Amino acid sequence: MNIALILASGTGSRMGQKTCPKQFMEINGLPLFLYSVQTFENNALIDQIVIVTNKEEVERVKKICKEQKINKLINVVSGGETRKESVYNGLRSLKVEKDDIIVIHDSARPLVSDEIITKNIEECLKFGAVVTAIPAVDTTVFGENDIIESMPDRSKVYVEQTPQTFKYDIILRAHEQTLGDLEITDDCKLVHHMGIPIHFVPGSHRNFKVTYKEDIDILKTFLAEEK
Ligand code: CTP
Ligand code: MG
């Protein structure tokens, strides 16, 4: 079974909007989180959807999904203080087998494509752990105190996106082994920490993460191109 775990429980602090976390901002008449949820609903390989959201929004998310006929939705659970806690809450709520595939996605990436989801699942079936990524476009450097320490070879630098997809027992074990470790925030890092190889699935620039206010304009431009 292939389960989408969709994260919609942040506060969107970098968006600078106190009243409405970014996942609930209305974009062309729909809340932002619903865009990726609809893409997962329409993907032929996804069997079930679980959404993790802010405690006070659980009922609203259920209602919206019912109205929008998200028929694969099986549960909406409360998130935690951090993204890592939100993922863990979602994982613990699942009643699945150890080989079931969990596709973890940030709802802040509304334009994930059907192809990216399908490829995540196909590759996870082969390898057990995959991450969506794109080659870095900017040169990245390591540094501290305003001084460059080293410059990695750009041809080897990738930028992670979501989905990040794992067999259930791998991602659950990764979380349980690092409970309370606040340094490791990313699912991929947790699994990497266990020494398990993680394979790349190609992402896209459209699958960007809505983070700052200006990103809303970029999102609307992409959406206008689809019409
Ligand atoms: N997320 C979550 N639970 C948290 C924090 C984040 O489910 N405690 C989710 C967000 O809703 C988002 C995704 O994880 O879809 C990626 O996080 P990010 O883009 O950092 O969102 P926020 O944490 O909400 O934004 P910011 O960091 O600007 O506060
Ligand atoms: Mg955040």
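Which residues lie nearest the centre of the largest pocket? They are Arg14, Lys22, Arg83, Asp106 and Lys209. The model is predicted.

## The largest pocket

The largest pocket has a volume of about 990 Å³. Its lining counts 33 residues. By class, 18 of these are polar, 10 charged and five nonpolar.

Three elements each give at least two residues to this lining: strand S1 (2–8), helix H3 (83–93) and strand S10 (158–167). S10 gives the most, with five residues.

## Ligand 1

The largest pocket is the space that ligand 1 takes. S1 and H3 are the elements that give two or more residues to the shell around the ligand. That shell holds 19 residues, the closest being Gly12, Ser13, Arg14, Lys22 and Ser86. It divides into 10 polar, six charged and three nonpolar residues.

An N or O atom in the Ser13 side chain is 2.5 Å from a ligand oxygen. Backbone N or O atoms also take part: one of Ala108 lies 3.3 Å from an oxygen of ligand 1, and one of Ser107 lies 3.4 Å from an oxygen of ligand 1. Taken alone, ligand 1 exposes 560 Å², and the protein buries 89% of that.

## The second largest pocket

The second largest pocket holds about 210 Å³ of space. Its lining includes Asn28, Tyr35, Thr39, Pro110, Arg206 and Glu226. Helix H1 (32–41) and helix H7 (214–226) are the elements that supply two or more residues to it. The lining has five nonpolar, three charged and two polar residues.

Definitions and conventions: Residues numbered from 1 in each chain as written. Chains lettered and ligands numbered in written order. Predicted model: local features only at pLDDT ≥ 70, side-chain atom pairs only at ≥ 80, totals over all residues. Heavy atoms only, no water. 1 Å grid on protein atoms, 1.4 Å probe; cavity = no way out; pocket = protein on both sides within 12 Å on 5 of 7 lines; lining within 4 Å. Points joined across faces, edges and corners; volume = space filled by probe spheres on them. Helix = DSSP H or I, 4+ residues; strand = E, 2+ residues; numbered from the N terminus. Nonpolar A, V, L, I, M, F, W, Y, C, P; charged D, E, K, R; others polar. Near = heavy atom within 4 Å. Polar contact = N/O pair within 3.5 Å; in protein donor to acceptor, adjacent residues only side chain to side chain. Areas by Shrake-Rupley, 256 points an atom, 1.4 Å probe, with all protein chains shown as cover. Sits in = over half its atoms within 2 Å of the grid points.
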